[in-house]
Amino acid sequence: MNALAATNRNFRQAARILGLDSKIEKSLLIPFREIKVECTIPKDDGTLVSYVGFRVQHDNARGPMKGGIRYHPEVDPDEVNALAQLMTWKTAVADIPYGGAKGGIGCNPKDLSVSELERLTRVFTQKIHDLIGVNTDVPAPDMGTNAQTMAWILDEYSKFHGHSPAIVTGKPIDLGGSLGREAATGCGVVYATEALLAEYGKHVKDLTFAIQGFGNVGAWAGKLIHERGGKVVAVSDITGAVKNPNGLDIPALLSHKEKTGKLIDFAGADVMNSDELLTHECDVLIPCALGGVLNRENADNVKAKFIIEAANHPTDPDADEILSKKGVVILPDIYANAGGVTVSYFEWVQNIQGFMWDEEKVNRELKKYMTRAFHNLKGMCHSHNCNLRMGAFTLGVNRVARATQLRGWEA
Ligand SMILES: NC(=O)C1=CN([C@@H]2O[C@H](COP(=O)(O)OP(=O)(O)OC[C@H]3O[C@@H](n4cnc5c(N)ncnc54)[C@H](O)[C@@H]3O)[C@@H](O)[C@H]2O)C=CC1
Ligand SMILES: O=C(O)CCC(=O)C(=O)O
């Protein structure tokens, strides 16, 4: 089942649990706007290359649409659509005044030079600048993009609309980025994990963790787990995977990766098959890379007792069913990785106020939002006798449905 079919299925199940009116259900499912643009750039050698860029704006009932832009070879319209819809429920779960959107370009950023990436980002921005805006749709980083990508979008957008720092979040601090945004998704993942574990009387320091993906989210989550005394026993990225049953020295692994560009050949670890990361012996599995990685092929072999969905849509519905029968507790993406968009909200607020918060305030507020959202989510689980994924979906969908109804439909 592709990401969109799976997301729609979860949404419909939540709508059924909530007893949502079928007309509202239909209106919430159809995206507000889908944008597809052709982006042609000259490569450094002068040859031309074309890419397809997408921005799907799913819903704006609760506020400006919000979501990252992904550069990855597997970006396709259905996946962007699913990720945009997930953003709508995620911002509602976090209770920040946004709707949902997502964008992407089907490209491999590793095959492009920095100047080619800059040209591609600028052409994409030229094609969509009239359809995004500080109060309409605010992009941010996702897989394959980073603060520099946001700086190029900000610069290109500002040529058309005047200096607009709040047009993107996750930008460099020197351009109005927020302290703490770079770490925010990983940090939120750890706050979410702590909130969940507390329900079971468990603590990070007593448990073992396996992390798939060691980019922005995975590396920050790993670092913060390591700082709290948790044992990260296996880590993978696109270059390979490493393990150490006594716990990897995450700061040393990070500097090894920084120097060599790879995880393998790290002195404090053994190399392992990347495919085995998800089924590796551990207490807590944290997928921090692509969607659909947990599926009917591998779900039965998962050994973790807890799965924290730091990636978007890492578990397909077949795996969801298999894992829940095995008694594995899954903390869903639309809550677990909401720390990123929450601090994006703080960044946008700071830009609009023209007033910068210190990092301590950012992290304090992040923890407050993540903890409150967890208790709201648990409340829905109790009220509707459902699992954590449906707790999160019903929480998010109910808030968006209420806002939609309050706004009304009069033309
Ligand atoms: N950056 C953010 O603020 C947020 C990101 N997310 C989600 O978290 C996930 C990761 O995003 P980022 O860390 O930002 O991306 P990133 O581009 O910084 O890192 C992605 C990591 O995944 C690894 N990877 C790619 N394919 C892999 C494979 N087949 N096996 C193992 N590792 C693989 C890459 O090598 C890299 O280490 C995505 O699903 C994204 O949508 C969710 C919320 C916010
Ligand atoms: O920070 C943001 O605005 C969006 C982050 C994002 O794309 C996500 O949560 O999946």
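Student: What share of the contacts in the protein with a separation of 6 or more comes from residues 24 or more positions apart?
Tutor: That share is 67%. Please keep in mind that this is a predicted model.

Student: How many helices and strands are there, and why is the protein called as compact as a globular protein of that length?
Tutor: The protein has 13 helices and twelve strands. Along the principal axes, the C-alpha atoms fill a box of roughly 55 × 55 × 40 Å.

Student: What percentage of the residues counts as buried, and what makes a residue buried?
Tutor: A residue is called buried when its relative accessible area is under 20%. Of the 411 residues, 59% count as buried. As for the surface, the protein exposes about 17000 Å², with carbon and sulfur atoms supplying 49% of that area.

Student: How far apart are the mean positions of the positive and negative charges?
Tutor: They are 5 Å apart, for 45 positive and 49 negative charges.

Student: How do you know whether the length of helix α5 agrees with its number of residues?
Tutor: Helix α5 covers residues 147-161, and at 1.5 Å a residue its 15 residues should span 21 Å. The end C-alpha atoms of α5 are 20 Å apart, so the length agrees.

Student: Which residues of α5 are buried, and what covers them?
Tutor: The buried ones are Thr149, Met150, Ala151, Trp152, Ile153, Leu154, Glu156, Tyr157 and Ser158. Their cover includes β3 (65-71), α4 (114-128) and β5 (137-141).

Student: What does the span of α4 tell us?
Tutor: The 15 residues of α4 should span 21 Å at 1.5 Å a residue, and its end C-alpha atoms are 21 Å apart, so the value agrees. Among the buried residues of α4 are Glu116, Leu117, Leu120, Arg122, Phe124 and Ile128. The buried residues of α4 are covered by elements including β1 (33-42), β2 (48-59), β4 (100-105) and α5.

Student: Is Asn385 buried or exposed, and why?
Tutor: The cut-off for exposed is over 50%. Asn385 has 72% relative accessibility, so it counts as exposed.

Student: Where is Asp265, and what is its phi?
Tutor: Asp265 lies in the loop between α8 (250-260) and β9 (270-272). Its phi is positive, about 70°, although Asp265 is not a glycine. With 64% relative accessibility, Asp265 counts as exposed.

Student: Why is Gly213 called buried?
Tutor: Gly213 has a relative accessible area of 6%, so it is buried, the limit being under 20%. Gly213 is in the loop between β6 (208-212) and α7 (216-227). Leaving aside neighbours within four places in sequence, Gly213 is in contact with Gly218, Ser236, Asp237, Cys288 and Ala289. The C-alpha atoms of Gly213 and Pro287 are 6.8 Å apart, although 74 residues separate them along the chain.

Student: What makes Asn108 partly exposed?
Tutor: Partly exposed lies between the buried cut-off, under 20%, and the exposed one, over 50%. Asn108 has 29% relative accessibility, so it counts as partly exposed. Asn108 is found in the loop between β4 and α4.

Student: How do you know whether Glu182 is buried or exposed?
Tutor: Glu182 has a relative accessible area of 54%, so it is exposed. Glu182 sits in helix α6, residues 181-199. Apart from neighbours within four places in sequence, Glu182 is in contact with Asn216 and Trp220.

Technical notes. Residues are numbered from 1 along each chain as its sequence is written. Chains are lettered from A and ligands numbered from 1 in the order in which they are written. This is a predicted model: local features need pLDDT of at least 70, side-chain atom pairs count only at pLDDT 80 or more; totals for chains, interfaces and linings use all residues. Side-chain values use heavy atoms; hydrogens and water are left out. Helices (H or I, at least four residues) and strands (E, at least two) are DSSP runs, numbered from the N terminus. Buried means under 20% relative accessible area, exposed over 50%, partly exposed in between (1.4 Å probe, protein chains only). Contact means heavy atoms within 4.5 Å. Accessible areas come from the Shrake-Rupley method with a 1.4 Å probe; for residues, only the protein chains shown count as cover. Lys and Arg count as positive and Asp and Glu as negative; His and the chain ends are not counted. The place of a charge is taken as NZ of Lys, CZ of Arg, CG of Asp or CD of Glu. The expected span of a helix is 1.5 Å times one less than its number of residues.
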